[in-house]
Amino acid sequence: MEVVIIKIDRSFVTGVPNAIENVPITSAMINAHDLNIKVVCEGVETEEELQYIMDKCSDELQG
């Protein structure tokens, strides 16, 4: 079975990049994009979160 989509839960997106405890796991999951895995970030609600996620190349956002 092949992984084709990773969905990042809101709990990991909350407060990035200022929530230092969420940055490593969120960045690692977004980096799955480099392995041709589609990445979807859930619960993007602030401009800071949006900018961080967009800079890391997420494929889709859900707010």
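Predicted model: local features only at pLDDT ≥ 70, side-chain atom pairs only at ≥ 80, totals over all residues.
1. Core. The largest nonpolar core has 12 residues. Among them are I8, V13, V39, C41 and Y52. Helix α2 (23-30), strand β2 (38-42) and helix α3 (47-55) each supply at least two residues of this core.

2. I8. Setting aside neighbours within four places in sequence, I8 is in contact with V13, T26, M29, I30, V39, V40, C41 and E42.

3. K7 and E42. The structure holds 4 salt bridges. In one of them, the side chains of K7 and E42 meet at 3.5 Å, N to O. K7 lies in strand β1 and E42 in strand β2, so this pair ties together parts 35 residues apart in sequence. E42 is partly exposed, at 21% relative accessibility.

4. R10 and E45. A salt bridge joins these side chains (3.4 Å, N to O). R10 sits in helix α1 and E45 in the loop between β2 and α3, 35 residues apart. R10 is partly exposed at 21%, whereas E45 is exposed at 59%.

5. K38 and E60. The closest N and O atoms of this salt bridge are 2.4 Å apart. The pair links strand β2, which holds K38, to strand β3, which holds E60, 22 residues away. E60 is partly exposed, with a relative accessible area of 33%. Salt bridges that share partners also join R10, E45 and E49 into one network.

6. E49. Beyond four places in sequence, the contacts of E49 include V13, V16 and V44.

Terms used:
Residues numbered from 1 in each chain as written. Heavy atoms only, no water. Core = buried A, V, L, I, M, F, W, Y, C linked by side-chain atoms within 4.5 Å. Buried < 20%, exposed > 50% of the residue type's maximum accessible area, 1.4 Å probe, protein only. Helix = DSSP H or I, 4+ residues; strand = E, 2+ residues; numbered from the N terminus. Contact = heavy atoms within 4.5 Å.
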